[in-house]
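Please consult the sequence and the structure shown below while reading.

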Amino acid sequence: MKIVGENMGKIARILVAAVLLSGMPAPSSAQTRTVNTEKGPVLLSVVARGLAQPWGMDVFPNGAIVLTEKPGRLRILDQEGNLSAPLGGVPPVADVGQGGLLDVTVDPAFASNRLIWLAYSEPASDGTNSTAVARARLSADGTTLEEVTVVFRQLPRYPGRLHFGARVAFAGDGTLFVTLGERFRDPWREQAQDLCSHLGKVVRLQPDGTAPGDNPFIGRDDALPELWSYGHRNVQGAAIHPETGKLWISEHGPRGGDELNVLEPGGNYGWPLVSHGVEYSGQPVGRGRRSAPGLEDPVSTWTPAIAPGGIAFYRSGAFPGWQGNLLVSGLGARAILRLELEGEAVVHEERLIADEGRRIRDVAVGPDGVIYALTDDEQDGSVLRLTPGG
Ligand SMILES: [Ca+2]
C-alpha cells in the first residue's frame, strides 16, 4: 500500500482514533523496523502516536510511562501499549508559545507514596506567567491527580511566551532540582546574573519547596536561598550522574552555542555574558567572549545548534555498548545523540535514528534498559521505543 504525505497522516490519525476508541492495544509490532547504529542494529517501534506536542515523560517502577502533552494533558502508556485518556486534576497551564504542561517526574518513592511531579508554565490573573512545580498523588485507579500542591513558583512573572525551562530531577538525597529559563527578552534575560531573581537559574528544593540548609547561597542576604547555579539561558535537559551524583544539564544556546554543563554548587554558567553562539540577529552576545574568568565553561557545545531537549544517562546491560553513555534528545538535530564520556569529557558522539527526521523532545530509559523518546509534533507526536535486536 502506497500512501504518501498528508493523507498518510490523516489515515494514521483515523486508525489511531479507532484503536483508542475501541480500547485495543496499539498495533506496535506492525510499526517496528530495524535501524543501524555504530554498535549494531536496534529495533525501533512507534508505541503511541497522535499526541499533541508531547514534552516530558518518566517511567514508573513497573515500566509504564507517564507523559505530558504541552496543551495541558497528562497520560499513561502502559506496558501493553494502551494509552490512557487524559488524567483528571491537572492544574491550569499557560499554553502559549513554549509554555504549557512541560515536565513530569515520578517520585523516587512512588511505590510507597504514589507521588508525581509536574513542571509547567502557570498563568496568573494579571496576564503574566512563570514556571511552577506541583506535586500530586496519583489516584488508586490511576485516572486522576489528587492533593495537587504547588511547591515552587518562579519569580518574577512576565507576560512572555518563551524560555520556561523546565525539568525536574531528583538527587539521591531526596532533594529536587528544577531548571528555569531566563524568559528570552531584554532586559529580563539579564536577570540570569541576578541572584535575587529565579530567571536563568537552577534551583534545589526540599520536597516541600523550601531550600535545603546546605544550598550554596544559604545565609546570604543578597541571594535567594533556593538557588543552586546561575547564568543559564534555557535548560530543558537535566539528569543526575549515576556515579558522581552531580547534575548534568543541556541548555539551548542562541544561534549556535548549545551547551552541556556539569553543575557545581554556586556556579555561574555565564549567560548572557559569554556564549559560543551569537544572537539570532548575528550580533555577538555581550562583548563576544566565549569564556571569562570566574565563569564555568561548558563540558561540550554544539554549533550549529542541536536544540537539546531532555537527557538521560544509560546504565543497563540491554545495550551493552551504550553503558555509561549520555543520551541527549535533539529537536533541531532530529536525532537522539549518544555521547560517550570519559569522566566529564565527551569523547565520541553518534546521532541515533537521524534518518527518521523527527524532532526529539525527551528521552528516557525504562527499568529493563529499553529507551523511549518523544517526538515533538503539533498533532501527531509519538512515543518511540528502542530495543536490542534486529
Ligand atoms: Ca554557559
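## Overall fold

Of the contacts in the protein chain with a separation of 6 or more, 55% are between residues 24 or more positions apart; two residues are in contact if their C-beta atoms, placed from the backbone, lie within 7 Å. The model is a predicted one, in which local features need pLDDT of at least 70 and side-chain atom pairs count only at pLDDT 80 or more, while totals for chains, interfaces and linings use all residues. Residue numbers start from 1 along each chain as its sequence is written.

The protein chain has two helices and 24 strands, which are DSSP runs numbered from the N terminus (helices: H or I, at least four residues; strands: E, at least two). Along the principal axes, the C-alpha atoms fill a box of roughly 65 × 45 × 40 Å.

## Burial and nonpolar core

Buried residues make up 44% of the 390 residues; a residue is buried if 20 or more other C-beta atoms, placed from the backbone, lie within 10 Å of its own. The largest nonpolar core has 92 residues, and Val178, Val363 and Tyr372 have the most contacts inside it. Strand E2 (residues 40–51) supplies the largest share of this core, six residues. Such a core is a set of buried Ala, Val, Leu, Ile, Met, Phe, Trp, Tyr and Cys residues joined through C-beta atoms within 7 Å.

Beyond its neighbours within four places in sequence, Val178 is in contact with Ala119, Val133, Phe152, Ala166, Val168, Val203 and Leu205.

## Strand E24 and its partners

Strand E24 (residues 381–388) is largely enclosed by the rest of the structure, because six of its eight residues are buried. E24 pairs with E2 in the antiparallel sense over seven bridges, and Val46 has Leu384 as its bridge partner in E24. Two strands pair if DSSP finds at least two bridges between them.

Strand E23 (residues 371–375) also runs antiparallel to E24, with four bridges; the partner of Leu374 in E24 is Val383. A hairpin of five residues joins E23 to E24.

## A four-stranded open sheet

Four strands form an open sheet in the order E18-E19-E20-E21, with antiparallel pairing. Strand E18 (308–313) and strand E21 (345–352) are at the edges with a single partner strand each, so one side of each is left without a neighbour in the sheet. E18 pairs with strand E19 (residues 326–330) over four bridges, and Ala312 has Leu327 as its bridge partner in E19.

Conventions: A residue is buried if 20 or more other C-beta atoms lie within 10 Å of its own, exposed if 12 or fewer, and partly exposed in between; C-beta atoms are placed from the backbone.
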